[in-house]
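Let's take a walk through this model, one feature at a time. Keep the viewer open and follow along.

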Amino acid sequence: MRRMQGWGVIAWGLVLVVSCGALPGWAQTSVATCASQRSEPMVPTDLELCASLEDQVRHPGSMSLDAYEEVFQTYLLNWCHRNKEAGWERDKRIRDTGPYIATLENGEWVGEYYGTHAPVVIWYSAEMVDWLEKNRPLDGSVAPADAEPIPDGAIMIKEMFTPPATPCFDVDPLRLFPSSGAAIMVRDRQAAHDGWFWGWFGMTGISLDYPPPPQNTYPNMGFGQYCMNCHASAVDNLTYADLQNLEGRPGEPLVFLSQAFFGAKVEPSHHRLVTLATDDAPRLGNPLYTYDPTFVASIPAHSLTAPDWDDVDHMPSETYDNVWVPAGGPDPSSQFLTSSQCIGCHDAGGTGLQFDMTVPNPHGDNLLNVSPYATWRTSPMGLGGRDPIFYAQLASEIDTFHPDFSETIQDTCLGCHGILGQRQFAIDQPLGHQTRSDGEGCDPFLRVYANSVPYPAHNPTAPLADYGALARDGISCTACHHMVQTEAERKEFEKEPQNNCLAERQDFLNPDFTGFARTFTGSFVVGAPGDLYGPFDQPKTKPMDHAMGILPVEDSAMLDSEVCGTCHTVHLPVLHRGEVITRTYEQTTYPEWAFSAYRTGETPDGPLPLGEGKLAQSCQGCHMPSAKDDGTAFHSKIAGIQEFSNFPQAENNLGPEDIDLEARLGFARHTLVGLNVFFIQMAQQFPDILGIRTQDPMLVSKGLDPLLFTEQRMLDQASNGTAGIAVDPVSVADGKLEAKVTITSKTGHKFPSGVGFRRAFLELDVLDDQGQVLWASGRTNSAGLLVDQNGDALPGELWWKDDCSGLRNPDELVYQPHYQVIDAQDQVQIYQELVTAPADVADPRCGPDPVPGGHFTTSFMSICGEKKDNRILPPGFLPYKDRLQIAKALGADEKLAEETGSDGVGNDPDYDCSKGPCGGGDSLVYRVALSELDHHPASVRATLYYQATPPYFLQDRFCTSESPDTQRLYFLSGHLNLADTAAESWKLQVVQAETAVPSHVMLAQQPEAQTTR
């Protein structure tokens, strides 16, 4: 008795609807016809051509993807597989792969197909037929206990047709045109762990994957394809093939309900939409066609070549980024894989039938894709390997700041932003045989490697294409989910081949540290190649094992903040005149959290001193939320695969105990966002230049484009999870308007945190009763440049002369200090970190406000002096002595406790932690002379803004390198259209508050000359 997988209940309900209320519509329908039928058989006519291709089509791993696709295209379009004389056999007839359901909508019948694929006729090569007869005989009693591997060269071609199959049952399959394309499986166990080359051909209008199309689509063919999300649920060999389907064999194929009594056009199945890009215009915003004149004038860098649309450097297409488990793996040579190996299962919609990991879009008629893949892919983490700001920063470091340390800096920086490529490159070097240009240690991973691509096959970077793909994949799945967290695990694995060169990295970056601190700057230890760690217990292991030979392993440490802390504590050398003179912290986001009221007080190795804070919450609790927007827990499966109990029936599949997934409470969205809306806008407007796709390749048009979802999460984070603001009190006395502005932090680290060039600032506007600005501190122009009341840039906003020939103020440090009182329109409260390079002397001193001191710098490898750090402290920030206890418990030194503190804040009590925990906000007073106002002040408005890339930072990029990466950032910045976006004028509003001026007090204070307009 065959299962209907629950469809019978649905179908019966439909029959009742038809019987009771749809008879008039019945008479209006026509009999369904076979849309795929052609008048003449489609069979091979050039047998000599077919014979010449037989050997090539059976060895996909022997040639480049584009070359193989051309061969197979020729083979397929000449119907070479429909040659019974060559040993090919086929299914008995066209057959459905799931139900076809009719519904009555607005007086018309509408059909929807629920098959795992479109209707099929499968053709089997002789090798495949022979394997089926030996390993899946119709008499199951004589089947071997363990199936043999399918031999190399075996092929299955799954011709697919317009659904449903029912109208075509009596048509000779040779007269059926595969109107839905043809899926292929070619056995090549020497090329991939799963043993198959997967592909799809459209049969009409076929295009090759190389070179990639403008949409940077997921490839139609290749090894390690997403097809495994279903095929890995087969009992063995990743195929459901069964002899009873074949012509001339006993038995019948599975059948499914098919309500094909009418002749309506059926919509393409979701599975086909996954295969075909549905958007020919991938931009999600409209960039400027020409350079923004205000941007060019405001951030001058006249010496830099300004590229245009025709010559700006494009990053390699995401289509190239596919690194799978090779034959014999997993082993250290396949420790790191691209996210293309995770997308099929851990993105929503990949099976075409189940839509777990989605929620309805409250602002549209589509779905929000909250799957791990989709939310991560378009986050700054997922895009980290293509970040144009990072690459421009790297160019400045190696071209101007420290050219004598070029290779070391490239390897160090790409060890975070291109971590998969850098790590795998290190692993693949034979132990004991690394040779750097200086004759010592491991070979460095260089910037040029991240551009390596496999096409054309003879290009000089082709041998490094896998490393390029891995590097461009960003801070990707197999980085975090291979990480081991405890000291015992680190000792167990640190000398294994998959951690090759790691000790050298740790010795260079964290030489005197122990324990967790030794892993700072992304220097973490990874575990066994065949294990991937996740937080849930009792995972189903067989599908992932079948597909990649990898087992999902429960590890509760994945929920600990240390997973984030290893990369978000950046400890770097300070370079000067070709030497390392000291080491310092470029980024301390994790320690800031560990020293705050948000600390959990626990690590994978046990408790830390002082225990948990009053607001205890992990990094994941905020940046990987497991609750819906209304606060209720999100409940979902964490993957989409072909399951047993809720899919159309299939032969030779695993049982429910192996493949039916449990909906998990605590499903975490991998949103991983801060507030860098500017970067996300670049990705939305310039996907062609960054080489990315904008439509999710699995959920496709059924979902909101993920970059839009990421932006919305950032805006939500800004307005709800970053800070509060109040303007209170507002008073008038002695001819002055006085307003107190208070910011309250909602973050578990400093604000801003992360890289030191981020900044936030306050704009204070005094408004009249018409909403016109009478007085303001914190104005900007449309390029985000802070200006005074005359529109002139404030001192310190730009460091370089317009032609980049030198610094504007080479002998002094010009900047906006930390204020407790502001009484002029050219004074602005900017929350930022400003650091100085070593003084140009033989033995410079580093530390807070060194004397002699160097000039301001944005170089990560030049952070010698700390002139200002008034970034808003998190609530409950601990005093130095307590920070020191925790720093030592982490294995770090006193510098960690020191450098997470504040500098240049004077006697501001909001930053005074000497007597106990402090922080959580900042208050300051604005005093405005009424004599400066033209009209009655009616209200005072305060706005907190955020800038991820302030003008001085961008100009420092443009004046310190001529590289293609620098030119690309200039092009993107100059053409970025932020009008009518949340980041308009290059500033993101975080929060805003407005308070009325007490009118009765105002009248008593206002001079008579200003009481009339």
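Strand S4 (residues 120–124) and strand S5 (residues 155–160) run antiparallel to each other and pair over 5 bridges; strands here are DSSP E runs of at least two residues, helices are H or I runs of at least four, both numbered from the N terminus, and two strands pair if DSSP finds at least two bridges between them. Look at Val121, for instance: its bridge partner in S5 is Glu159. Both strands belong to an open sheet of 6 strands, ordered S1-S4-S5-S6-S7-S8 with antiparallel pairing. At the edges sit strand S1 (89–90) and S8, each pairing on one side only.

A quick word on ground rules: this is a predicted model, with local features needing pLDDT of at least 70 and side-chain atom pairs counting only at pLDDT 80 or more, while totals for chains, interfaces and linings use all residues. Residues are numbered from 1 along each chain as its sequence is written, and side-chain values use heavy atoms, leaving out hydrogens and water.

Now for the rings. Phe, Tyr and Trp rings (the six-membered one for Trp) pair if their centres lie within 6.5 Å, and planes under 30 degrees apart count as stacked, over 60 as edge-to-face and the rest as tilted. That gives 42 aromatic pairs. In one of them, Tyr291 and Tyr970 have ring centres 5.5 Å apart and planes at 40 degrees, so the pair is tilted. Tyr291 lies in the loop between helix H7 (270–275) and helix H8 (293–298), and Tyr970 in helix H29 (residues 964–975), so this pair ties together parts 679 residues apart in sequence. Tyr970 is buried at 6% relative accessible area (buried means under 20%, exposed over 50%, partly exposed in between, with a 1.4 Å probe and protein chains only).

What about Phe678 and Trp986? Their ring centres are 6.1 Å apart with planes at 10 degrees, so they are stacked. This pair also links distant parts of the chain, 308 residues apart: Phe678 is in helix H23 (residues 677–685), Trp986 in the loop between H29 and strand S31 (988–996). Phe678 is buried at 2%, and Trp986 is buried at 4%. One aromatic cluster takes in Tyr291, Tyr970, Phe678 and Trp986 among its members.

Finally, some rings have a charge over them (NZ of Lys or CZ of Arg within 6 Å of the ring centre and within 35 degrees of the ring normal). The charged end of Arg187 sits 5.0 Å from the ring centre of Trp196, and that of Arg583 sits 5.9 Å from the ring centre of Phe508.
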